Amino acid sequence: MTMSVWLPVGILLSSFIPGVLIFFQPEERHRLRTWLNLLGALVKLLLVGVLIWGVFHEQVFETRWTMAPGLEFVLHADALSVLFVSLSTLLWLVTTIYAIGYLERTPHRSRFFGFFSLCVTATVGLALAGNLFTFVVFYELLTLATYPLIAHKGSPEALRGARIYLRYTLFGGLLLMIGAVWLHTLTGGVEFVEGGILDQYTNLDQSTLRWIFLLLIVGLGVKAALVPLHGWLPQAMVAPAPVSALLHAVAVVKAGAFGIVRVIYDVYGVEFAAELGVLTLLGAVASITIIYGSLKALSQDHLKKRLAYSTVSQVSYIVLGTAILGPLATIGGLVHLVHQGVMKITLFFAAGNYAEALGIHRISEMDGVGRRMPGTTLAFSIGALGMIGIPPVAGFISKWYLGLGAVEAGAAAWVVPVLIASSLLNAAYFLPILYRAWFKSPSRPWPADRTAGCARELPDPLLWPPVTTAALALLIGLFAAAPYSPLEWAELIAGREYRQ
Amino acid sequence: MNTLMLTIPPLIPLVLACFAHRLQSRWWLFGAALPALYLGLMGEPDSAISLPWLMLGMHFSLDTTAQQFLVFGSMIWMLAALHIPADDLMTGAAGYRKQSFLLAMAGNLLLIIAADMLTFYVGFALMGLSAYGLLWGASQRARQAARVYLVFTLIGELALFSALLLLMVNSDSLLFEELHAKPLPEAALLLLLLGFGIKVAIPGLHFWLPRAYTLAPLFGVVVLSGPMMKAGLLGWLRFLPFGTPVDPLWGELLLFLGVVGVILGMLIGAVQRESRSVLAYSSISKMGLFSALIGFSLNHPGMVAGILPVIVLLALHHLMVKPMLFVGLDLWQKGSSTYLILPALILLSLSLVAFPLTGGGAAKNLLSTALNGNLVWLMLLAGIAAAVLTVRFLWLLKRSKRPVESGSVSLLGWLVLLPVAVWAPFAWDGMSVEAKALLPLILAVVLMLIGRLLWQRFVAIPLPTDFRIIRLVPRFSQIDKDRFRVNNGVQQIWLPLKQILSHRLTEPGGQPIASLRDSAIWWLMLMLALLLALILSL
């Protein structure tokens, strides 16, 4: 009994406590900081393992804390939270290792890792949030914890990128807050319930609910980088590679997408939302975002920028899956939450490695890099092929379920062309990179070769994270139907959401 | 036999591909196809296995078609392995040939034994995309050809993907055997025709093929023209709803496109000046015949049981002969053992034109029987097309020598496989000697002679210098200079026609040069009339 109360709190604290402790460590206590980080990540992984097992067996994990009458702070673990929590936890561990290698011998590492841990705490917090109020709290916390990470380098460019980020997300947060408060005053507190809850309030005006929906989605859409609210994301690529990786795969962008999923499935209920007629609009926005992001990505020569626009496009797969009514599309959207994360983090790790080892920032500088850095480039290739949706990499599974959901819901006429066009565009901006990397030979010296005298292409903490996540992306696609795979879990969630 | 054996043929090349950078001997690549050969020969018919945990559940089964494709396909893969240049096998060689080769092989073998749509699709995608590394070459034009191939392949892939979505929701099962429980959606049919049509190179979707065949390295062309191309056909055989009535429009469409393919392949192929191009257009022509036959079967559900197995036989025959011709051509050009190779090439060519007592002839006899009097004109047309292209191919041999040394291993392998290829697919019950089987060959020779006569008359006339392209008669060896333009088939046909229309009939001086008084024109008209009468009477 006590465990069911303490487990969600424990999962939060396992990154919060190390984070706070790290703030007070002097810069040179490298070893202690590393231990704290890894200990926190491993403890969290262990706790999440227990959580997965429990939620699978329909145990209830819940922590309630009444802050004021009618205002409750609730941590609650359902299948959907578990999906996001396990993704964050696993990728946090990998990213921490990567960051330790990446930031070696740079200043302000205590500050960095402190905020890094807080960022993950906020992400996990909003995954475990049991009601809209708690969600908003962690959502804002995430905004603030990420700002110092983007600005970490301190250059004018970095500060500018971070400022743009802050402007966008604070605006989004404000809208989300207004929407949440409005809904709170109407209903007296909204808990997340599988299958949605608002359809039970028959006294509420439908157009009011539509307006609230709009506020919530626009607020969340800023972080989820829905067009035209995506402007901050390409600017934020000035952040160090581990931050970009976490930002695009787990933390900020994904938090927005996760929020949209929550609002539609567990606040409105997907059937009720369809009844309100708001899903069509969302689907259209998602489709536009998918195509627009890919088109913009085509014209970028800066590798991280191209990846950033690719994120804009790919995260909207999740939103698209949510906006189509039917369990198969739900599965596709939810499973892409995980798949996109694993693949995109691989790509960003690899991009970081290119910059770190050879000073490559631009795609036009990548000629022949495959021979020089085979491990990294192999990982990058798997991630890129997955993004295009080539079987058996994970991205194919997402695309397959999204397409099936669209056909099943009778929306094939516009969703399948969007998926096809997106795949073609993805191929058009990823395959030339692979071609350059593998088939061309270097046409000029590397911009800044820092690997002189090294036996391997990179030190272990930089090489293994992308290789691991690439292998993961391949394995969760190859064994998609195996027990406890993301796909199985997404099917479990979809089953619970459509129980009625 | 343990049914897990079924997974071995695709698994072995897949595993080897992971370690390919260390494999320096070609025998690894050669050996990778051996399990497939074994399974094809010794495998227990109709054994099946399901692996529900792999991807979305994979199902393999070994029916007769799969076994035949395994046997003959694996032989071609082995043949190709013998012809990978030693440079490409070294560690650090450009182009990742070994990896591409093994992955493409794995995909090809996977799709042959696939019993469900998704497994087939995975194999098809793996094969199609990996083949990029086989086509990629050092020259700018080879790269361009490979790129064109890749774009076409991707489009085909996505068409297939969309078709799969529709089929999956329609039948609620991935398995082929449950696919046709309900009638197929029209859109899915169209997408299937498109998706596999690119691999099969039906006219309009064939643009990737001539360049890829002309410019790619030999081993790439060998597998591309053999097992890979036939994979598209196998896709149609597996996916299309034979035996259930569908809108006749689709069958008609495929039949029409097939006939167009046969004719276009013949016309464009006949004026090529490079042997490989001729073989490329011969493939287009031949695949046109297959498309037409598939279209016919779609519209005649009652005859499917008889026709489909014969289509498979004919496909297997072509799967063997075409790659063998490519290899033979290469050996010939390298100038090794002419006295052996020329008869062998002629033998292969005869088999390709369905000469009596060869494998091709037997398959064609069986096909005629199965068609039961239908489509006689198509068979005749296809026969003429094949014969024209083969004569052209043999004609070009005489001046396509290049003095280069070649290894003895590769020659030996080719010679060993020769009898298999000539008599593949061993349909002994179709062997017969009939005089009428020679009809297409004779007609083709006559047509070629007339064509040559005509051209000789035209070429004898002075030309404006910028219209070099008109010189189609091989006596002018400008292959290298004109190669680019010659490869462009549309120009090949169009430019001379335009010339004939605008320039040829009146010389700049105003002198009529090819008028109705010209005896050659009368000859041509007479022969065309005879041909028409013949076709109508049959």
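Mentor: Two residues are taken to be in contact if their C-beta atoms, placed from the backbone, lie within 7 Å. The model discussed here is a predicted one.

On that basis, the contact between the chains draws 19 residues from chain A and 20 residues from chain B. On the side of chain B that touches chain A, two helices, H7 (117–135) and H8 (140–171), each contribute at least two residues. H8(B) provides the largest share of that side, seven residues. Sorted by class, the side of chain B that touches chain A comprises 17 nonpolar and three polar residues, and no charged residues.

Let us turn to the partner, chain A. Chain A contains 20 helices and two strands. Along its principal axes, the C-alpha trace of chain A spans about 70 × 55 × 45 Å. A compact globule of 500 residues would have a radius of gyration near 23 Å, and the 21 Å of chain A therefore agrees with that expectation. Of the 500 residues in chain A, 60% are buried.

One helix pair in chain A can be followed in detail. Two packed helices are described by the angle between their axes and the distance between the axes. Helix H10 (residues 252–268) and helix H14 (residues 327–358) of chain A pack at an angle of about 175°, and their axes are 11 Å apart. Because angles over 145 degrees count as roughly antiparallel, H10(A) is roughly antiparallel to H14(A). From H10(A), the residues A:Lys254, A:Ala257, A:Phe258 and A:Val261 meet A:Leu334, A:Leu337 and A:Gly341 of H14(A). The residues of this contact of H10(A) with H14(A) comprise five nonpolar, one polar and one charged.

A:Ser244 belongs to helix H9 (residues 241–249) of chain A. A:Ser244 has 27 other C-beta atoms within 10 Å and is therefore buried. Neighbours within four places in sequence aside, A:Ser244 is in contact with A:Met237, A:Ala239, A:Lys304 and A:Phe348. A:Ser244 and A:Ile345 lie 101 residues apart in sequence, yet their C-alpha atoms are 8.4 Å apart in space.

The loops of chain A deserve attention as well. The peptide bond from A:Val227 to A:Pro228 is cis, with omega near 10°, and A:Pro228 lies in the loop between helix H7 (206–223) and helix H8 (232–235) of chain A. A:Pro391 and A:Pro392 are also joined by a cis peptide bond, with omega about 5°. A:Pro392 sits in the loop between helix H16 (374–388) and helix H17 (394–408) of chain A.

Positive phi values occur in loops too. A:Arg105, although not a glycine, has a positive phi of about 60°. A:Arg105 is placed in the loop between helix H3 (79–102) and helix H4 (109–128) of chain A, and A:Arg105 counts as exposed because there are 6 C-beta neighbours inside 10 Å. A:Tyr484, likewise a residue other than glycine, has a positive phi near 65°. A:Tyr484 lies in the loop between helix H19 (460–478) and helix H20 (486–497) of chain A. With 13 other C-beta atoms within 10 Å, A:Tyr484 is partly exposed.

How values were computed. Residues are numbered from 1 along each chain as its sequence is written. Chains are lettered from A and ligands numbered from 1 in the order in which they are written. This is a predicted model: local features need pLDDT of at least 70, side-chain atom pairs count only at pLDDT 80 or more; totals for chains, interfaces and linings use all residues. Helices (H or I, at least four residues) and strands (E, at least two) are DSSP runs, numbered from the N terminus. A residue is buried if 20 or more other C-beta atoms lie within 10 Å of its own, exposed if 12 or fewer, and partly exposed in between; C-beta atoms are placed from the backbone. Axes are lines fitted to C-alpha atoms, for helices over the stretch in contact, and angles run from 0 to 180 degrees between N-to-C directions. Angles under 35 degrees count as roughly parallel, over 145 as roughly antiparallel, 65 to 115 as roughly perpendicular and the rest as oblique. Ala, Val, Leu, Ile, Met, Phe, Trp, Tyr, Cys and Pro count as nonpolar, Asp, Glu, Lys and Arg as charged, and the others, Gly among them, as polar. The radius of gyration is taken over C-alpha atoms; the globule rule is 2.2 Å times the number of residues to the power 0.38.
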